Amino acid sequence: MKKLKAETKNNLKKVGAGVLKDIDSGANPTLEIPIRSLANVKFDEKSKMITMGSSTAKRFFFNVGHVRKFVQTIEAAALAKDLIDVNKHLSLREAFYRMKRTLPDSQINLVDEQEESNQAIEDLELIADASREQLHINANKMGSVAGEVVIEDKGDTVDWSKLGSGGYAIPSNVEDIIFKKVNAKFVVYMEKAAEWERLHEDRVWDKLNCIIISSQGQATRGIRRLLQRLHVEHKLPIYVLTDLDPYGWYIYSVLKFGSISLAHISERLAIPDAKLLGLTVDDVEKYNLKKHLIKFEDVDFKRLDQISNYEWFKKSKEWQRQFQMMKQMKAKAELAALSSHGITFLSDKYLPEKIKNKDFLD
Amino acid sequence: MTEAKLITAEEMAKAMREVSIAEFFEKNRHLLGYENPTKALITIVKEAVDNSLDAADEAGILPTLKVSVKELEARTIYNILDTNGYEVGEVILEGRKPMLKIRDRYAKYEETKKSENKSEYIFSAGQKIYNVTETKTNGDKQIELFSGTDKLKISKTPLGRFRITVEDNGPGIIPKNVPLAFGKLLYGSKFHRLRQSRGTQGIGISGAILYSQLTTGKTAKIISSTEKETASVELRIDVSKNQAYIISEKTEKNKQGSTGVRIELEAEGRYIEGKQSIPEFLKQTAISNSHAKITYDGPNGKVSFDRATEKLPVRSQEIKPHPYGVELGIFSRMLSSTKARNLKAFLQNDFTKVGPKNANEILRLSKLENIKPDKLPHEDIEKLHRAMQMVKLPSPPTDVLSIMGEDLILKGLQKELEAEHFVAVSRPPAVYRGMPFAIEVGLAYGGKLSNDQTAQILRFANKVPLLYHLSDCATAQAVEEVDWRRYGFTQSVGSSPQGPLLIFIHFASVWVPYTSEGKQAIANYPEIVKEIKLALQDAGRKLYLYVNEKMRAHHVKMRRELFEKYIPELAESLEKLTEVKKEKIVEKLVKINKKGEKIEGGDKKQS
């Protein structure tokens, strides 16, 4: 661990030294950054993950269009080095506020929105070849987990089955967690906290002998890494519950194959064996959800178009069938719709039935 | 039921009579530019100034003009508005007798009830009673108008009576002609000829006198000095006879020796300053006539517009029509009234730029015999007309027009406008409907010109400023059709450019195709619009050399300043990463910044 830290620090110093070398020779200071866009990612058939291509872009300091991002990236590097030196961690939000300031005698803020500092940090991960966690910058805690699992986290022993109604809050850095006991047959991940609370209240993790994990919307890196570790280290199947809409399916896609912007760390986050439990378009018929359909808006059509064209979905006949049906249905549905058949329908009927029948999408 | 009375044609004929031109214009004064009190004042000054400048140019004298407008008495007119805000009548309380007019009918004034701060005027019209209450609070008058219990909307127009005097140093008018020149509409030397001049129709100054007498009842006072005699005439226009009615007339030897005409009128109107005003008209006149000295003594003080050159403009010359574009109707009239004995002679003598060779060619193409022109059968007139258009002819003579020239356009603009750069383009003459015309354009850029408004257009026809009806004018169409973005300005589709720009356009021709008698807009013949566009594009390219250089310099400066802001930030971060002192890094970065855009990886140069 210490060795890794020294290496990260060294990498950061190298970034600074490279820029300094340009300055000393009187040239335009340059950073070479791998391009993070759809054009520069590939779907690797073998590993079934999105991986990054080799295209890079040069970012110059003396260029009106580049200067801002250039300085933001170097600023992020200096911040990360500071953090490693004092061995403290900052959240993305805190990092944003550390970087946000107005340049003297101007109307220019070094960063205006958190999205800018987030991107600078993501760029830095690529240049310095270190993950955000290695740079001592964490995301906010956003997810909960419950199950018959005992872990050690920073010297504390935590039992995930004895944490009351809130469950264990998943930290953004799960690398240092040590699993002491894992008694579960599978993991159910859901994008909504409301459904998690339902399952937790009904003690589904106890009844079905599983682990339940939720995020709020898109899964954070910490959640994705935790899911991957449970899957790889403890051979637990991962089942995913999302709303029946293109956005929900996109969350599933990121979880399974990795995302475009984080393609460089897919092998540490993606879970190619993850399965979608629901909702599927077939569920609408099967569970009589027609009354609860919500009409599509323009953005939904756009998003559906986008994901149905992803290379990794293109080859799946089953997925194309789902896309086609959704396009015709011109509507979406939420997980909460299931509760129309009774408050505990999800816990008592839907989930057990689906898992028993292996009724899921790959 | 009463029996309908039949009216015979004879009876109808009795009711018909010839309407004199003066009478016609009394009823249609809007056609002459007197449709509202503001415009009326401007028109009076314009007509007098046009005449003075024309006379001086023709006599070869450097014009010196004195214009004076003095307010004699101020009144307020209250316009009565309908629910849509349209004017339907007016109320005047000051002056001789309170007056209320609504829907072209004068109401009968009944009485005024006065109390301390309030006066109530009562009018009647048929069954209706109108009440006007005037209240005074701190010297401010407020009025309300009621028709029964209905309150009517009103708006306020300050109106005054003005004395307008225009004096020139021209050759003067001989005493015998003074009543004709001033007291008769459609009299003048300019109507029947093809020659570039300011006035054309012989209506202008007598129209002004007519307006003066309609609104004030006062006479016009004219003093005209030729080298020999000085005539002082006081006259009014006899509307039904279209001739001058002389009040007094005195002719004596010219004692001081200076020549010129002085006219004094009294008229009702509204005086304003600003975009469409007398000072603006005079300022623009000074731009297009930089050889003239004009002093103006207005209600708000004196202004003087000085000469920028002592050189007289080229004198315009009278020409015969050019065969291209002569309309068939005019052509057949020319055929029947010509003195030429045969068609060949007619073509050579009555047209410009037609020699024996070309006359033969026209006859050959039309397959006509060389007969007497008035013997030409109707169907052959068209043949001849068509043949004329097919022969290649030289352009009309260029020296008949009195153009300003690029040098004088620049001088005129420079002396009256505070801008930082000027360009001018004088196009060679072209032809529309057989009339030679020339387009001249000037552009003023930067300085005190407003950055975020659409460009102002100054339009001139034979050196006379056009202040009204911009949107009907060929010049506006041409300005809108030019792509100004090429020359560094912003422009939305189908509108004028935006930026610190002023566009000067001069249309010079032996005949100006105005869209109406008000003479405020040039008709948009395709040939004219095309020429204006070419001139504007030419001038735009010239200006762009300057604008581009300026924008580039600005861009380089902005760019350098932007990097200067980021340099300390970068240096500080780099110090943390490398432990090299930030001052050293700043120093080196500042040095690189001075290299500007040429550095590798810098932004691409703007095209």
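## Backbone exceptions in chain A

Lys330(A) is partly exposed, because 13 other C-beta atoms lie within 10 Å. The model behind this value is predicted. Lys330(A) sits in the loop that links helix 13 (317-329) to strand 17 (331-332) of chain A. Its phi is positive, about 55°, although Lys330(A) is not a glycine. Most residues other than glycine have a negative phi, and most peptide bonds are trans.

Asn288(A) is another non-glycine residue with a positive phi, again about 55°. Asn288(A) belongs to the loop between helix 10 and strand 16 (294-295) of chain A. Is Asn288(A) buried or exposed? Asn288(A) counts as exposed, because it has 12 C-beta neighbours inside 10 Å. The peptide bond from Gly278(A) to Leu279(A) is also an exception: it is cis, with omega near 0°. Leu279(A) lies in a loop too, between strand 15 (275-278) and helix 10 (281-286) of chain A.

## A three-stranded sheet in chain A

Three strands of chain A form an open sheet in the order 9-8-11, with antiparallel pairing. Strand 9 (156-159) and strand 11 (178-182) of chain A are the edges. Each has a single partner strand, so one side of each is left without a neighbour in the sheet. On average, neighbouring strands are turned by 20° against each other, direction ignored.

Strand 8 (residues 149-153) of chain A runs antiparallel to strand 9 of chain A, and four bridges join them. Which residue of strand 9 is the bridge partner of Val150(A)? The partner is Asp159(A). Strands of a sheet pair through backbone hydrogen bonds, either parallel or antiparallel.

## Where chain A touches chain B

The contact takes 32 residues from chain A and 23 residues from chain B. Helix 1 of chain A gives the most, with nine residues. By type, the chain A side divides into 19 nonpolar, seven polar and six charged residues.

## Nonpolar cores

The largest nonpolar core has 105 residues. Ile44(B), Val45(B) and Val441(B) touch the most other members. Which element gives the most to this core? Helix 3 (residues 37-59) of chain B does, with ten residues. The core draws at least three residues from each of two domains of chain B, domain 1 (21-63 + 173-271) and domain 4 (401-547).

Ile44(B) touches Ile164(B), Ala208(B), Tyr211(B), Leu265(B) and Ala267(B), not counting residues up to four places away in sequence. A second, separate core holds 61 residues. Among them are Val188(A), Met190(A), Leu244(A) and Leu335(A).

## A helix pair in chain B

Helix 6 (residues 278-288) and helix 11 (residues 406-416) of chain B make a contact. Their axes come within 7 Å and cross at roughly 145°. Helix 6 of chain B contributes Lys283(B), Ala286(B), Ile287(B) and Ser288(B). Helix 11 of chain B contributes Gly412(B), Leu413(B) and Glu416(B). How do the residues of this contact divide by type, and how many are charged? Three are nonpolar, two are polar and two are charged.

Key
Residues numbered from 1 in each chain as written. Chains lettered and ligands numbered in written order. Predicted model: local features only at pLDDT ≥ 70, side-chain atom pairs only at ≥ 80, totals over all residues. Core = buried A, V, L, I, M, F, W, Y, C linked by C-beta atoms within 7 Å. Buried ≥ 20, exposed ≤ 12 C-beta atoms within 10 Å, placed from the backbone. Helix = DSSP H or I, 4+ residues; strand = E, 2+ residues; numbered from the N terminus. Domains from an automatic or database assignment. Contact = placed C-beta atoms within 7 Å. Nonpolar A, V, L, I, M, F, W, Y, C, P; charged D, E, K, R; others polar. Pairing = 2+ DSSP bridges. Axes fitted to C-alpha atoms, helices over the stretch in contact; angles between N-to-C directions.
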